[in-house]
Amino acid sequence: MTFTQERTLADTVRCDFPILRQEVNGKPLVYLDNAATSQKPLLVLNTIRDYYQEYNSNVHRGAHTLSGKATDAYEAARDKVAEFVHAASRQEIVFTRNATEAINLVAYSWGMNNLQAGDEIILSVMEHHSNIVPWQFVAQKTGAVLKFVELTPEQTFDFEQFKNLLSTKTKLVSVVHVSNTLGCINPVEEICELAHKNGAKVLIDACQSVPHMPINVQAIGCDWLVGSGHKMCAPTGIGFLYGKQAILESMSPFLGGGEMIADVFLEYSTYGELPHKFEAGTPAIGEAIALGAAVDYLMNIGMDKIHAYEAELTAYLFQQLEKVPQIKIYGPKPNFKGEGKAALAAFTAGEVHANDLATLLDQEGVAIRAGHHCTQPLHRYLGIPASARVSLSFYNTREEIDVFIKALKDTLDFFHSILG
Ligand code: C6P
């Protein structure tokens, strides 16, 4: 009997990722650490190489041809990011080094100047350190108080508790869209609506959602949203802050220097228009242009298609993980279609330490992350020092999941044979 198997998204795109065609420790690489950073397609690699090879030049300064070309490409990348997240205007997109810098920008520029003793900032226990530490700085400096939303029994965002925490004292809610550890997808639209009714502003950490699903900042209704380029097929060193124009206009610059000024006098300066007011110094030009190429690449595939394919993979991953009895998975379970959970699973395996697990899986060519994934408070809340995490992307295949599951089972069998 012959039958034709439908080509999956991964079958179509894998040739765009040369890094995936290699052996690690004598085994074909199975890269399942996509939540830490994604791999980069040829379009992105060629774009950054072309910039340095053909028109490397500074932006917004030179009257010469190369500078004009670099400036056009840099600003075109901003347009692409604005379109990608459905910002109302290009002025609402500020390039930063990464999501961490984008959150710090808001913390320093808005938080330090708008919060005072007794004001409340609501975060959640599942936040990445990048969305905790900057607010600790603000709280220490201003006297504002940090409040934390905990988890439901299913290990999702406790919306009922969130409602109870909200009050007229709440001035800011800063929460993650998709948890990098639990994989839960938080109800950001409802969070924004309720927070706004209470007069609070909302920042959404979209690091783990932007690469995997369509994002519409206007539909979400957030005041700010941050993302990192390196998690969405772009190079490291480039990220972005989306902010509502009126709010960004009301904020003071974060860093001072060239590029962000209108006029500089010895005693004082006036500042440039948005978004340049927040982009002091020579930016990561090639990286920003390559982020634009990454957005082209993702949009060309279609974020709906990426999301649907990753949901299928997630359903398969969980079907297979359920057959490994020795592990405990954190966060909600996806439904049979893979919905309700991001394409990742963080787990522990009894006495076997996550680091040992990851090291032995590496011997089989399988790359996963182990540790606290920069969510140490969440790990403490869950009562575990560390977890192992497998995280998928649209270029991963079911066959790779099979390799991972086999390696995981073999490794656990090995440990159990020596631990007795
Ligand atoms: N999480 C992970 O392995 P930067 O470092 O600025 O690009 O991203 C920080 C960040 C912020 N929020 C969330 C939800 C994140 O997942 C991350 C990065 C990586 O999970 C590296 S720790």
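Ala, Val, Leu, Ile, Met, Phe, Trp, Tyr, Cys and Pro count as nonpolar, Asp, Glu, Lys and Arg as charged, and the others, Gly among them, as polar. The views below show a predicted model.

**View 1. The shell around the ligand.** The ligand is surrounded by 18 residues. T100, D205, Q208, S228 and R369 are the closest. By class, the shell holds six nonpolar, eight polar and four charged residues.

View 2. H230 places a polar side-chain atom 2.7 Å from an oxygen atom of the ligand. For R389, a polar side-chain atom lies 2.8 Å from a ligand oxygen atom. A99 takes part through its backbone: an N or O atom there lies 3.4 Å from an oxygen atom of the ligand. On its own, the ligand has 510 Å² of accessible area, and the protein covers 90% of it.

View 3. The domain assignment of the protein chain gives domain 1, made of 3-31 and 302-419, and domain 2, spanning 45-299. Taken over C-alpha atoms, the centres of domain 1 and domain 2 are 29 Å apart. Contact between the domains involves 31 residues of domain 1 and 30 residues of domain 2.

Note on methods:
Residues numbered from 1 in each chain as written. Predicted model: local features only at pLDDT ≥ 70, side-chain atom pairs only at ≥ 80, totals over all residues. Heavy atoms only, no water. Near = heavy atom within 4 Å. Polar contact = N/O pair within 3.5 Å; in protein donor to acceptor, adjacent residues only side chain to side chain. Areas by Shrake-Rupley, 256 points an atom, 1.4 Å probe, with all protein chains shown as cover. Domains from an automatic or database assignment. Contact = heavy atoms within 4.5 Å.
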